[in-house]
Amino acid sequence: MSNIVDRFFSRKDQRSAKTAMERLRFVLVTDRSQLSPEKLREMQAEIIDVIKKYCRIDESAVEMKLELRERENYLVADIPLAKSVEQPNEEPGRIAFSLQTSNSSSKLEDDDLD
Amino acid sequence: MSGRVITITSGKGGVGKTTTTANLAMSLASLDKKVVAIDADIGLRNLDLMMGLENRIVYDLVDVVEGRCKLKQAMVKHKDYPSLALIPASQVRDKTAISPQDMITVANELKQVHDFVLIDSPAGIEWGFKNAVAPADEVLVVTNPEVSAVRDADRIIGLLEAEDRPVPVRLIVNRIKLGMVRRGDMLSVEDVVSLLSIKLIGVVPDDEIIIKSSNEGVAATGRPKQAFEDIARRLMGEKVPFMNLDSNGGVLERFRKLFGGG
């Protein structure tokens, strides 16, 4: 019965509010950082070039993205190091870093409401 | 007395700033506060209509700033609330007729003799917005649970945070449709708050009553009235729990509940 009712109310795989959340998360962090996806890709390529001077990385698995945490924005990067040829059993190392891009240094406190 | 200057803004137009300003002003006045509401939307005034005072206007804000009348002469007393007055915007001039410093001067004078000075900001992020927030001690950002309204609210909040003198900013989520939220087809209040990460001061349900009361230029009734009164009390420092919007779901909602749909 529940299924029929659900179908009647056109339950899709993903409801539109969830889509709205995902789109807003993306667009807000892009707006706030003024870093377009294109610029982000450019920067990622440059950073990878720098890192490659020092160590071997698994380029295909590099992930760099902007992330929203409260009113602060982070640049989060996941950069797995390539498996070493000499020591094949060793776990791959990884570099992970995050860089804060927020300009909201002054968090406002307000005790009127909990 | 030194009252508080509170600016109501939104970024996006049409989210209910003016309706919110009018109803907050009337709620505060009905709670015995001395209130003046300023329409800062020069050239596109509407706060007078929402408050039912459109045919009592003699002078306006630009007349005050340009010295054609005393501040007191531009204040239109509300017919139902003796402790409430409106300073209308000029309908013939544009927003460049006023500077942020003018707004500070006017607001400072008004806060000497009022508990609350509410400023209805125009939409946008330019001149008019800057005028409206210049004298603010606090800002209320009004948004709707819709992608464009939330994005514009975020932009406004960012601009306010970047001010030399940042002031507390709180959020009003207007026109929430609980039935749609429950079906997963509208952002919930929690969603909007988590995206914008600022303190919530009020939630106003979407209700046809608002159209009726604005047609008549009177205060909202029913659940919106309660929502605005709750915000007024929170502004006064009272701890008011957020309204349970779960009751009175739409017919389809109740039907779906009846048959066990989640």
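Two strands are said to pair if DSSP finds at least two bridges between them, and strands themselves are DSSP runs (E, at least two residues), numbered from the N terminus. In this predicted model, local features need pLDDT of at least 70, side-chain atom pairs count only at pLDDT 80 or more, and totals for chains, interfaces and linings use all residues. Residues are numbered from 1 along each chain as its sequence is written, while chains are lettered from A and ligands numbered from 1 in the order in which they are written.

Strand β6 of chain B (residues 138-143) runs parallel to strand β7 of chain B (residues 169-176), and 5 bridges join them. Within this pairing, B:T143 has B:V173 of β7(B) as its bridge partner. β6(B) also pairs in the parallel sense with strand β1 of chain B (residues 4-9), over 4 bridges; here B:E138 of β6(B) stands opposite B:I6.

Of the 6 residues of β6(B), 5 are buried, so the strand is largely enclosed by the rest of the structure. A residue is buried if 20 or more other C-beta atoms, placed from the backbone, lie within 10 Å of its own.

Helix α7 of chain B (residues 147-161) forms a right-handed β-α-β unit with β6(B) and β7(B); right-handed means that, with the strands pointing away from the viewer, the path from the first strand over the helix to the second runs clockwise. Helices are DSSP runs of H or I with at least four residues.

Methods. Buried ≥ 20, exposed ≤ 12 C-beta atoms within 10 Å, placed from the backbone.
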